Amino acid sequence: MENTTGALRSLRWYAVLALVVFGIVPTVMVALLVAKGRTPGSVGILLIGGIPLILAAAFSAFRGLTGDDPEVAARRLHLSMGLVAGADVLLLGGNALIRMATS
């Protein structure tokens, strides 16, 4: 049981790190690019899908951090990291594709 608790502790750290570094920071950066007009305006449409994904990831991570059952907590933390990855593909990949198409 101790090994599972240690693994869950590491997973919690990595989930929070992924949420902040790969979720919140890129979303804010893309939003600032759109707000300042340094990227095509159609990139702003990607924020409509990206922001709810990040919010869902934060909610799932919070539930995983506060969960009592290790297996359920691990599932929620994995879901959180998957949602962050999806938001990154949508926001950063979409931004790159739109920039390539307009230039």
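Reader: In which sense do α2 and α3 cross, left-handed or right-handed?

Author: α2 passes α3 in a left-handed crossing. A crossing is left-handed if the near helix is turned anticlockwise from the far one by less than a right angle, and right-handed if clockwise. Please note that this is a predicted model, in which local features need pLDDT of at least 70, side-chain atom pairs count only at pLDDT 80 or more, and totals for chains, interfaces and linings use all residues. Residues are numbered from 1 along each chain as its sequence is written, and side-chain values use heavy atoms, with hydrogens and water left out.

Reader: At what angle do α2 and α3 pack?

Author: Helix α2 (residues 43-66) and helix α3 (residues 70-102) pack at about 165°, and their axes are 8 Å apart. That makes α2 roughly antiparallel to α3. Angles over 145 degrees count as roughly antiparallel, under 35 as roughly parallel, 65 to 115 as roughly perpendicular and the rest as oblique. The axes are lines fitted to C-alpha atoms, for helices over the stretch in contact, and angles run from 0 to 180 degrees between N-to-C directions.

Reader: How many helices and strands does the chain have?

Author: The chain has three helices and zero strands. Helices (H or I, at least four residues) and strands (E, at least two) are DSSP runs, numbered from the N terminus.

Reader: Is A58 buried, partly exposed or exposed, and why?

Author: A58, found in helix α2, is partly exposed because its relative accessible area is 31%. Buried means under 20%, exposed over 50%, and partly exposed in between (1.4 Å probe, protein chains only). A58 and M81 are 23 residues apart in sequence and 9.4 Å apart in space, C-alpha to C-alpha.

Reader: And what about G94?

Author: G94 lies in helix α3 and counts as buried, because its relative accessibility is 13%. Buried residues make up 32% of the 103 residues in the chain.

Reader: A change of topic: which residues make the nonpolar surface patch?

Author: Y14, V16, L17, V20, V21, F22, I24, V25, V28, M29, L32 and L65 make a patch of about 1000 Å². Its largest share, eleven residues, comes from helix α1 (residues 2-36). Patch residues have over 30% relative accessible area and no salt bridge; like charges are joined within 9 Å, and nonpolar side chains (Val, Leu, Ile, Met, Phe, Trp, Tyr) within 5 Å. A salt bridge is a side-chain nitrogen of Lys or Arg within 4 Å of a carboxyl oxygen of Asp or Glu.

Notes:
Accessible areas come from the Shrake-Rupley method with a 1.4 Å probe; for residues, only the protein chains shown count as cover.
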